Every structure is written in structure tokens, then in C-alpha cells.
Amino acid sequence: MSEIRNLDLWESGARKIAWVKRNMPLLRGIEEEFAAEQPFKGLKVALSVHLEAKTAYLCKVLAAGGAEMYVTGSNPLSTQDDVAAALVHDGLNVFAWYDATDEEYHSHISKVIEISPNIIIDDGGDLVNLIHNEHPELIPNVLGGCEETTTGILRLLAMDREKTLKFPMVLVNDADCKHLFDNRYGTGQSVWDGINRTTNLIIAGKDVVVAGYGWCGKGVAMRAKGLGARVIVTEVDPIKAMEAVMDGFKVMPMNEAAKIGDFFVTVTGCADVIGETAFNNMKDGAICCNAGHFDVEVNMAKLREMAVESHIARNNIVGYKLKNGNTIFVIAEGRLVNLAAGDGHPAEIMDMSFAIQALSAEYIAKNSDKLKSGEHMTVNVPKEIDRKVAERKLSAWGIGIDKLTPEQEKYLGIS
């Protein structure tokens with residue numbers, strides 16, 4: 001039961017998966033444990049995450065633990081067809097292909113829900129929202145799930161406040177070993193990987209506008225500075241704006257920054273961050289991209305409406321000519337630049353994030369009844385999972401740290 005475009009690509013995908021596995025020691029160790037313990041035996045797992053090699057290896061780790069996997073992507077432009085084919089070749093159920101239409105994308109995520117999953121692994125909340133809105137009859141079969149992103153967590157928290165979330169969801173993105181590293185170092189590097197490979201332009205000496213100074217924005221700004229750019233940050237949070245100032249960046253409203261920027265990167269999780277006024281203020285040749293979750297941060301609908309003409313300027317770059325004569329370029333249709341125009345976060349970073357995912361899924365499988373009886377259906381990653389991942393990562397690096405003595409624990413009141 002799979003729906004992909006070309007199974008003949010599987011050998012290329014298998015090589016990609018083998019490469020990331022080599023560089024993901026935490027998941028390798030978890031795979032061995034799962035294979036021996038079979039925590040997901042008899043369970044169906046529906047997963048919607050950007051379908052590239054690192055995600056594929058997570059799927060194989062869960063399958064090694066006995067899970068019957070049903071896999072789709074979480075973005076029409078981030079699925080890699082050869083990786084999808086490799087998973088099908090290995091016996092997993094996959095519904096995804098690159099550049100799916102909106103109708104095809106909805107069909108794919110629907111098919112991984114229609115099998116009546118027991119555990120959901122989501123990236124942005126599409127699966128959770130679909131099962132609540134279109135397949136509520138399947139909710140009793142769901143033990144719970146895990147959410148990967150800030151955007152998805154915001155959606156879950158809203159549902160939880162309204163008492164409409166009907167099964168427990170672990171907030172994976174809030175784990176320290178996820179957001180402190182994945183969001184900052186992973187996004188920081190992979191965004192510029194995507195921009196550089198797509199534009200083939202220099203960053204040094206340019207003005208880069210980073211919209212949003214959360215952990216992802218901090219990483220993007222830090223890497224832009226390291227590449228020699230002059231960095232401007234836009235924010236709506238006064239405390240984060242102060243952080244950006246003290247980190248050495250200029251801070252100003254977007255409509256002012258629009259007059260200056262050469263590159264614009266949105267990292268907010270909000271909509272209409274770059275809109276009509278900003279587009280009109282931009283200079284000829286400005287390049288926009290998005291590193292938040294959905295393709296609404298750069299207001300593509302408004303830009304297309306404003307454009308008097310558009311053209312493909314380069315693979316994955318479209319130019320939009322405005323009435324004032326200036327052309328604004330957008331990478332990857334305003335979708336996630338690091339995945340729609342690159343390979344996503346480095347393997348070593350996703351090793352931590354997906355270790356948190358795998359262990360959180362195991363936690364759901366073992367504790368669903370207890371979690372369902374709680375007041376809230378949103379669940380933090382247990383601290384022992386976070387700590388276990390950190391300790392294993394340090395061990396993989398060959399790094400040792402100090403431990404508190406009994407006397408120190410007594411002094412701190414934790415004995």
C-alpha cells in the first residue's frame with residue numbers, strides 16, 4: 001500500500017539513508033534497542049515529516065521497533081523521490097512525491113490517516129488537524145503522538161485551551177535537545193545552504209534582513225554574520241528585539257528594513273510578515289525566502305497579485321516584476337528554503353531531534369492511558385528523555401563531564 005512516482009530510484013535513496021545513518025549514532029543505538037524490545041509491536045504509526053534521508057532513517061528505526069509505518073511528507077517541495085522509493089523498497093508504506101499539487105498533497109496525508117493510526121508523528125499539525133476535522137471516528141484508536149515544530153505546537157496549545165484536542169501530544173520542539181540545537185544550529189546552517197546553492201551569490205557585504213529572533217532567527221542571523229553580511233532583525237517582541245540589539249544587530253520595522261535588504265529570511269511562524277508595503281519598498285533584485293513552517297510568511301498571494309509579470313529566473317527562483325519596475329525574487333515559492341531548496345538540517349543535528357522523537361513515541365506507547373487521564377492533552381518531553389539524549393550525544397563525541405557529589409547534591413537540596 002504505497003503511492004510514489006518512481007520506485008526505480010530506490011538505490012540512490014538507499015545510499016542517502018546509509019550516509020545519514022553513519023552520522024547519526026544516537027538513532028543507531030536506539031534502533032538496536034527498539035529491535036530487541038519491540039515497543040511498537042502491533043501498532044500503526046502515521047508520520048508526516050519532510051521526507052528526506054534523515055526522516056527516512058527515523059522511519060526505519062521505528063519500523064525496527066515493530067511499528068507498521070505509514071509515511072508522507074509535510075511539504076510538497078521537500079519530498080525526495082529517491083528516498084521515498086527506498087522506503088517502499090524496504091517494505092514501508094509511503095504516500096508522497098516531490099512537487100505534489102495541493103490536491104495530491106491532501107490525498108497523501110489523508111491516506112496515512114485513513115489506516116487508523118495508533119501513534120501520530122506530525123510536523124506542523126496537519127495530521128492532527130485532519131483526523132480531528134475529517135476523521136473523528138478514528139480518534140479512539142489514537143494513543144497519542146509527537147509534534148516536531150513551533151508552528152505545530154502553537155496549533156496544539158490552542159486546541160488544548162479550547163478542550164478540542166482529544167489525545168495526548170508530546171511537544172517535541174520544546175525539548176532542550178531539540179530547539180536549542182535543531183532550531184538554532186540546524187536552521188542557521190541549512191537556511192544558508194539552501195540559499196547559497198540556489199542563488200550562487202555571495203553573502204559577504206550584503207544586507208540580510210531576518211524576520212523573527214527566536215531560536216531559528218538567532219541561528220540564521222548568526223550564520224549570516226559569519227558569512228560577512230550586515231544583519232538587520234525585525235521583531236514584534238520587545239525582549240527579543242533587545243536581545244538582537246545586544247547581540248550586535250540592527251533592529252527596525254520590516255517596512256524600513258525592506259528599503260535596505262538584499263536578502264530577506266522570514267523565521268516567525270506567523271503570516272503576512274512581508275506584505276504589500278514591504279514589497280513596494282524593496283529595491284530591484286531583492287531576494288526573499290521563508291524558513292518558517294508554511295508558505296504564508298512571505299505573502300505570496302499578494303505578491304502574485306501585485307506582479308505585472310513573472311518569470312523563472314533560475315531553478316527554484318521566480319522573479320516578480322512590480323508596477324514600479326523593480327523585480328523581487330522568491331526562492332522555493334516561499335516554502336521552507338532549507339528543505340525545498342536544500343537537504344534540510346545536518347544529520348548530526350537531526351540525530352538529536354529524531355532521538356527525542358523516537359523516545360517520545362516510545363513514551364506514548366507505554367504511557368498513553370496515564371497521559372489521557374491528565375488535565376491537558378499537550379505533554380512536555382520528560383526531562384529524563386532530554387537528559388538521556390544529551391548524555392548519549394556527549395558520549396558519541398567522546399566528551400565527559402563532571403557529576404555532583406552526594407555532598408553537592410545535599411547542598412543544592414536535590415538529594
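1. Strands S7 (residues 207-211) and S8 (residues 230-234) run parallel and share 5 bridges. Valine 208 faces valine 231 of S8. Two strands count as paired if DSSP finds at least two bridges between them. Helices (H or I, at least four residues) and strands (E, at least two) are DSSP runs, numbered from the N terminus.

2. A word on the source. This is a predicted model, in which local features need pLDDT of at least 70 and side-chain atom pairs count only at pLDDT 80 or more, while totals for chains, interfaces and linings use all residues. Residues are numbered from 1 along each chain as its sequence is written, and side-chain values use heavy atoms, with hydrogens and water left out.

3. S7 and S8 belong to an open sheet of 8 strands, ordered S9-S8-S7-S10-S11-S14-S13-S12, with mixed pairing. Its edges are S9 (250-251) and S12, each of which pairs on one side only.

4. At the S12 end there is a hairpin. S12 (residues 309-314) and S13 (residues 317-321) are antiparallel, with 5 bridges. Isoleucine 312 sits opposite valine 318 of S13. The turn has 2 residues between the strands, and its asparagine 316 has a positive phi of about 75°.

5. H9 (residues 215-226) lies across S7, S8 and S10, at about 170° to S7. Axes here are lines fitted to C-alpha atoms, for helices over the stretch in contact, and angles run from 0 to 180 degrees between N-to-C directions.

6. There is also an open sheet of 7 strands, in the order S3-S2-S1-S4-S5-S6-S15, with parallel pairing. Its edge strands, S3 (93-94) and S15 (378-380), each pair on one side only. S6 (residues 169-171) runs parallel to S15, joined by 3 bridges. Methionine 169 has threonine 378 of S15 as its bridge partner.

7. H5 (residues 102-113) lies across S1 (44-48), S2 (68-72) and S4 (119-122), at about 165° to S2. H6 (residues 126-133) packs on the sheet too, touching S1, S4 and S6, and its direction makes about 130° with that of S4. The buried residues of H5 are Tyr105, His108, Ile109, Ser110, Val112 and Ile113. Their cover includes S1, S2, S4 and H6. Buried means under 20% relative accessible area, exposed over 50%, partly exposed in between (1.4 Å probe, protein chains only).

8. H3 (residues 53-64) is largely enclosed by the rest of the structure, because 9 of its 12 residues are buried. Among them are Lys54, Tyr57 and Cys59. Just after H3, glycine 66 has a positive phi of about 100°.

9. H1 (residues 10-22) packs on H4 (residues 81-89) at about 95°, with the axes 7 Å apart. H1 is therefore roughly perpendicular to H4, a label for angles of 65 to 115 degrees. H1 brings Trp10, Ser12, Gly13, Ala14, Lys16 and Ile17 to the contact; H4 brings Asp82, Val83, Ala85, Ala86 and His89. Contact means heavy atoms within 4.5 Å.

Key: Parallel < 35°, antiparallel > 145°, perpendicular 65-115°, else oblique.
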